[in-house]
Amino acid sequence: MTTRRPARAISVAAFAVPVALLLAGCSGGGGGAGPSSTPSATAGVVGQRVAQTCAELVPQSTFSVYGEQFTLDTSAEPSRGSAAARIAQQRGRVCVFAAAGKPSETITLAVAHLPEKSLTDLKDALFEQGGSVPTYTVEGYFALHDNTGRADAFADPYWITTSSTLFTEPGTAQPVVDAARAALGPSASATPAG
């Protein structure tokens, strides 16, 4: 994989920096303003609406590999400060699926349609953290924190992120990543790293 440009990588000290800062930095808003000082809810919005429904992004057949039936939890809200919450703020699609017999066992998928600069900044931040996953077909990353696995994939112009306690390694998240990437269709493409 090609080394990312250091200047962009330096702009994000760690991926723990809220994604909102990366997205707000791409919106042309006032310098130094944090997410809480954004003048309006739409001032930092740079994303376009994602047309695909949750059922289109992750068909029921995708869940068979997990040995559970999953249903869409329409009342679920993404955790504050999470990647899914930031995607929701960017007009993205957020889907939370709960296991039929274990409602606390969930799979969250979020997809954002973002401008190239926003995608590049996100890719740079993830690249710096490591965890590259070449099997995602597009630029992809995986990390495991507090028993929750998170996969990120970039099928430009889309950012796909999915997380679950079921995801213990990159391959366990791959069915969800692949389903979403396929649903996004020909408008999504792989771009080389760098």
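**Entry 1: the disulfide**

I began with the torsion about the S-S bond of Cys54 and Cys95: it is about -90°, so the disulfide is left-handed. The sulfur atoms of Cys54 and Cys95 lie 2.0 Å apart; a disulfide here is a pair of cysteine sulfur atoms within 2.5 Å. The pair ties together distant parts of the chain, with Cys54 in helix α3 (residues 54–57) and Cys95 in strand β2 (residues 93–99), 41 residues apart. My search of the whole structure turned up one disulfide. Helices (H or I, at least four residues) and strands (E, at least two) are DSSP runs numbered from the N terminus.

A note to myself on the source: this is a predicted model, in which local features need pLDDT of at least 70 and side-chain atom pairs count only at pLDDT 80 or more, while totals for chains, interfaces and linings use all residues. Residues are numbered from 1 along each chain as its sequence is written, and side-chain values use heavy atoms, with hydrogens and water left out.

**Entry 2: the sheet**

In what order do the six strands of the open sheet run? I read β1-β2-β3-β6-β5-β4, with antiparallel pairing; two strands pair if DSSP finds at least two bridges between them. β1 and β4 stand at the edges with a single partner strand each, so one side of each has no neighbour in the sheet. From one strand to the next, the twist averages 15°.

Then I went through the pairs:

- β2 and strand β3 (residues 106–113) run antiparallel, joined by six bridges. They form a hairpin with six residues between them. Arg93 has Val111 as its bridge partner in β3, and Val96 stands opposite Thr108 in β3.
- β3 and β6 are antiparallel and joined by six bridges; the partner of Ala112 in β6 is Trp159.
- β5 and strand β6 (residues 158–164) pair in the antiparallel sense over seven bridges. Two residues join them in a hairpin, and Gly149 is bridged to Ser164 in β6.
- Strand β4 (residues 139–145) and β5 pair antiparallel over seven bridges, with Glu139 bridged to Phe154 in β5. Two residues sit between β4 and β5 in their hairpin, and Asp146 in the turn has a positive phi of about 50°.

I looked at burial strand by strand as well. Seven of the eight residues of β3 are buried, so β3 is largely enclosed by the rest of the structure. Strand β5 (residues 148–155) also has seven of its eight residues buried, so β5 too is largely enclosed by the rest of the structure.

**Entry 3: helices on the sheet**

Among the buried residues of α5 are Leu119, Leu122 and Leu126. Just after α5, Gly130 takes a positive phi of about 85°.

Helix α6 (residues 170–184) lies across β3, β4, β5 and β6, at about 145° to β6. Contact means heavy atoms within 4.5 Å, and the axes are lines fitted to C-alpha atoms (for helices over the stretch in contact), with angles from 0 to 180 degrees between N-to-C directions.

**Entry 4: the cores**

The largest nonpolar core has 28 residues, and those with the most contacts inside it are Leu57, Leu109, Val111, Tyr136 and Ile160. α6 gives this core its largest share, five residues. I count a nonpolar core as a set of buried Ala, Val, Leu, Ile, Met, Phe, Trp, Tyr and Cys residues joined through side-chain atoms within 4.5 Å. In soluble globular proteins, nonpolar side chains tend to be buried together.

Leaving out residues up to four places away in sequence, Val111 touches several residues, including Val50, Leu57, Ile160 and Leu184. A second, separate core of 13 residues includes Val46, Ala110, Leu122 and Leu126.

**Entry 5: Thr62**

Last, I looked up Thr62, in the loop between α3 and β1 (70–72). At 11% relative accessibility, Thr62 counts as buried. Apart from neighbours within four places in sequence, Thr62 is in contact with Pro175, Val176 and Ala179.

Note on methods
Buried < 20%, exposed > 50% of the residue type's maximum accessible area, 1.4 Å probe, protein only.
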